[in-house]
Amino acid sequence: MKKILITLMLIAGAVSAYAQSSAGVVYEKEFHLFDFSLNARRLEFGLNFGQAGSFTPYARFGMGACALVNGIYLDYLEANPQHKYNHEVTDTKWDDTVAFCINAGYQIPILSWLRIMPVLGYAQTNEGVTDGSSLHLSADEDNTTWYHEYKVTPGTRTHYFNYGGGLSIQPCKWFSVNLIATRYALYGGIGIDLLSFVKTRG
């Protein structure tokens, strides 16, 4: 994990050094180290995809969501029980696992389109049983989902302090691409800037 943080710091240092030493007017205009006023211009919501439970025996693909408000970043990533959405109704009870994390951070502007983002959070893994004979319904206006009940096996919950960092690349005013590496999760996602749509319509 230290190698990841050092790598991110070196990248940020190299970018800032290049911007400072460049004679081009374009680069001088792009260089916005610690210009936190840029953070006040974005309100984002989006989706994350990646590996939850990284560097544990429970590492699996997970999905989640993220939000950004005035530079404050929040996200959630979860790898659901393997058989939770199995369409088969049976007396079988599957031994499944869950891994998830919740992280928060703050974006530090480097360029107008690039930010580094230290994050801290909480991660958990657990083992449990998915009951194939149970069937529950989750419905909303858009779709209907059937799923099996999952019960955590007592004593299997493991709690972790999660930490790491990431990069937020904002190629245009409409969206940003986030890449994050933490002690117990490796993931990325896309956030849509809602304020950009409001400004365009206005």
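The legends below describe close-up views of one predicted model.

Residues are numbered from 1 along each chain as its sequence is written. In this predicted model, local features need pLDDT of at least 70, side-chain atom pairs count only at pLDDT 80 or more, and totals for chains, interfaces and linings use all residues, while side-chain values use heavy atoms, with hydrogens and water left out.

**View 1**
Helices (H or I, at least four residues) and strands (E, at least two) are DSSP runs, numbered from the N terminus. Along the sequence the pattern reads α-α-β-β-β-β-β-β-β-β-β-β-α. The chain has 202 residues, and 41% of them are buried. Buried means under 20% relative accessible area, exposed means over 50%, and partly exposed lies in between (1.4 Å probe, protein chains only). Contact means heavy atoms within 4.5 Å. Of the contacts with a separation of 6 or more, 60% come from residues 24 or more positions apart.

**View 2. The largest nonpolar core, with 16 residues.**
A nonpolar core is a set of buried Ala, Val, Leu, Ile, Met, Phe, Trp, Tyr and Cys residues joined through side-chain atoms within 4.5 Å. Tyr73, Leu77, Ile180 and Tyr187 have the most contacts inside this core. Two or more residues each come from strand E2 (60-69), strand E3 (72-79), E4, strand E6 (114-139) and E10.

**View 3. Phe36 and Tyr106, a tilted aromatic pair.**
A search of the whole structure finds 5 aromatic pairs. Rings of Phe, Tyr and Trp (its six-membered ring) pair if their centres lie within 6.5 Å; planes under 30 degrees apart count as stacked, over 60 as edge-to-face and the rest as tilted. Here the centres are 5.8 Å apart and the planes stand at 45 degrees, so the pair is tilted. Phe36 lies in the loop between helix H2 (25-30) and strand E1 (43-52). Tyr106 belongs to strand E4 (residues 93-106). Phe36 is partly exposed at 36% relative accessible area. Tyr106 is also partly exposed, at 33%.

**View 4. Tyr160 and Tyr184, another tilted pair.**
The distance is 4.2 Å centre to centre, with 35 degrees between the planes. Tyr160 sits in strand E8 (residues 158-169), and Tyr184 in the loop between strand E9 (175-182) and strand E10 (185-193), so the pair ties together parts that are 24 residues apart in sequence. Tyr160 is buried at 16% relative accessibility. Tyr184 is buried at 14%.

**View 5. Further ring contacts: a cluster and a charge over a ring.**
Ring pairs join Tyr76, Phe100 and Tyr122 into a cluster. Elsewhere, the charged end of Lys84 sits over the ring of Tyr147, 5.4 Å from the ring centre. A charge sits over a ring if NZ of Lys or CZ of Arg is within 6 Å of the ring centre and within 35 degrees of the ring normal.

**View 6. Gln107, buried in the loop between E4 and strand E5 (108-111).**
The relative accessibility of Gln107 is 1%. Gln107 lies 7.6 Å from Asn39, C-alpha to C-alpha, although 68 residues separate them in sequence. Beyond residues up to four places away in sequence, Gln107 touches several others, including Phe36, Leu68, Arg115, Met117 and Asn178. Its side chain makes a polar contact with the side chain of Ser168 (3.4 Å). A polar contact is a pair of N or O atoms within 3.5 Å; within protein, one must be able to donate a hydrogen and the other to accept it, and residues adjacent in sequence count only if both atoms are side-chain atoms.

**View 7. Ser176, buried in strand E9.**
Ser176 has a relative accessible area of 0%. The side chains of Ser176 and Glu44 are joined by a polar contact of 2.6 Å. Leaving aside neighbours within four places in sequence, Ser176 is in contact with residues including Arg42, Ser168, Pro171, Gly189 and Ile190.

**View 8. Phe55 and Asn70, non-glycine residues with positive phi.**
Phe55 has a phi of about 65 degrees. Phe55 lies in the loop between E1 and E2 and is exposed, at 53% relative accessible area. Asn70 has a phi of about 50 degrees. Asn70 lies in the loop between E2 and E3 and is partly exposed, at 45%.
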